[in-house]
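Come along and check each entry against the view.

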Amino acid sequence: MTVSQYLKEWTEDPVRNVLAGMVGTFALIPEVIAFSYAAGVAPEVGLYASFVISVAIAITGGRPGMISGAAGSVALVAADLVHGHGFQYLLLATLLAGAIQVLFGLFKLQNMMRFVSREVATGFVNALAILIFSAQIPQMVHVSWQTYALIALGLGIVYLLPRLTTRIPSPLICIVVLTGLTMAYPMPVHVVADLGPLPTGLPSFTLPHVPLTLETVKIVLPYAFAMAMVGVLESLMTAGVVDEMTDTHSNKRMECTGLGISNILVGLFGGMAGCGMIGQTVGNLRYGGRGRLSTFTAGAFLLLLLVVLHNFVAQVPVAALVAIMIMVSVSTFSWSSLHDLIRHPRLSSTVMLATVIVVVLTHDLAAGVACGVLLSGLFFSFQVMQLLQINTSLSPDGGTRTYHVHGQLFFASTTILTDAIDFQDTARHVILDLGAARLWDISAADALEKLVSRLQARGKTVQIIHADERAARLLKALGHDTLLADTQAA
């Protein structure tokens with residue numbers, strides 16, 4: 001990335017980016033507080049972490065317009081560590097997770113995201129939309145009729161106002177109008193203050209107070225690694241969604257490294273690790289936040305709200321936040337995927353549905369994506385396996401049988417080759433022509449060796465012809481490179 005490109009990502013349409021970032025701040029607050037409780041830490045831990053992450057990753061990240069914070073599956077991973085060993089161990093795990101993510105980016109391991117298929121990405125987005133909506137349900141159960149009226153009014157503002165003007169994000173108007181209404185006419189509705197105590201000061205530099213022993217490392221390292229991997233996965237998946245929505249490209253390596261640096265800073269200021277947040281990111285994009293300034297504003301405005309406008313934030317009705325998140329959920333869901341379930345191949349649809357189901361049931365985005373990637377790999381292997389074809393020909397004198405192998409030879413397709421060989425054939429000489437075949441793994445090379453051995457045991461001579469360099473290298477790795485020359489029966 002050039003300096004001019006980087007500066008452009010900061011300066012493009014500043015007013016719109018600032019306003020969109022302010023909307024992102026209000027969308028951050030309820031989810032961060034909720035996940036702070038899920039992780040077993042005070043709300044200020046998640047809120048301060050979100051401030052640090054947003055500001056830091058706006059500078060160091062590789063995906064402009066993406067909102068990151070202390071929420072998501074990372075918080076769920078952290079919960080077991082906090083409950084089992086305490087908050088100080090979480091700080092150390094956050095520092096180590098950040099360091100692992102920096103190494104992840106430096107060694108270009110982000111390329112593993114190429115194994116995430118379109119079906120998995122669609123399932124990821126749809127599952128998140130469902131989770132975002134379901135997270136609002138507790139705020140709509142056993143509440144007053146005024147709450148439902150405010151939600152309906154908020155939905156109307158968020159949905160209809162953009163038809164009149166898009167200069168000011170409609171969610172921001174929704175928050176101001178509904179807050180002003182409830183302050184002018186007090187009514188029995190929940191406000192942000194009811195979600196938990198809000199911090200009123202600035203975060204301070206701190207170091208984890210834990211014994212620096214091998215035993216501590218053994219306790220913390222597994223959690224740190226899990227937090228790092230889940231954070232990278234969610235951030236890169238979110239970055240991929242943003243790439244598709246904006247028809248632009250992000251620097252995935254820079255995003256990994258930037259996330260790691262951000263989480264190291266979070267750990268040094270008493271917060272828990274975070275990652276990309278797709279719901280807030282989609283909302284940011286929806287209202288024009290496509291530059292680094294929107295991400296920076298989301299974090300900076302969060303701190304401003306907590307320190308300077310603390311009393312106003314405390315009075316924001318939860319109904320306003322619910323209305324905003326419902327609209328984000330609706331815009332996040334890929335509605336075209338419902339029609340694609342019929343048009344697309346069944347295996348592709350199965351992968352998408354499996355990803356959604358696992359995420360929704362476990363509330364673990366990483367588990368859903370892992371399941372989808374696994375199924376994609378299995379289905380791909382099954383389809384490639386079926387492409388393998390073996391044709392045979394017999395010499396005029398009946399003494400030589402040639403097997404012409406076409407396709408890919410790997411662990412899943414070797415049985416097809418073995419089943420195609422007629423070990424009872426009367427031909428005394430067998431030729432395996434691999435000119436139109438490719439060997440991909442040790443399993444295929446080992447299967448060839450066993451096949452040749454079985455033929456030799458029946459007194460036949462075997463010859464492998466037209467094998468490429470890869471096949472020769474694999475056979476040599478197993479010590480079977482002599483198979484590439486004529487071999488006589490023992």
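I am working with a predicted model, where local features need pLDDT of at least 70, side-chain atom pairs count only at pLDDT 80 or more, and totals for chains, interfaces and linings use all residues. I number residues from 1 along each chain as its sequence is written, and side-chain values use heavy atoms, with hydrogens and water left out.

**Domains.** I looked up the domain assignment, which gives domain 1 (3–379) and domain 2 (388–483); such bounds come from an automatic or database assignment. Taken over C-alpha atoms, their centres are 54 Å apart.

**Helix H5.** I checked the length of H5 (residues 87–106): its 20 residues should span 28 Å, and the end C-alpha atoms are 29 Å apart, which agrees. The expected span is 1.5 Å times one less than the number of residues. Helices here are DSSP runs (H or I, at least four residues), numbered from the N terminus. I also found that H5 is largely enclosed by the rest of the structure, because 14 of its 20 residues are buried. Buried means under 20% relative accessible area, exposed over 50%, and partly exposed in between (1.4 Å probe, protein chains only). After H5 comes Lys108, with a positive phi near 60°.

**Gln146.** I found Gln146 in helix H7 (residues 145–160). Buried or exposed? Gln146 counts as buried, because its relative accessibility is 16%.

**Phe312.** I placed Phe312 in helix H13 (residues 310–314). Phe312 is partly exposed, because its relative accessible area is 30%.

How values were computed: Helix = DSSP H or I, 4+ residues; strand = E, 2+ residues; numbered from the N terminus.
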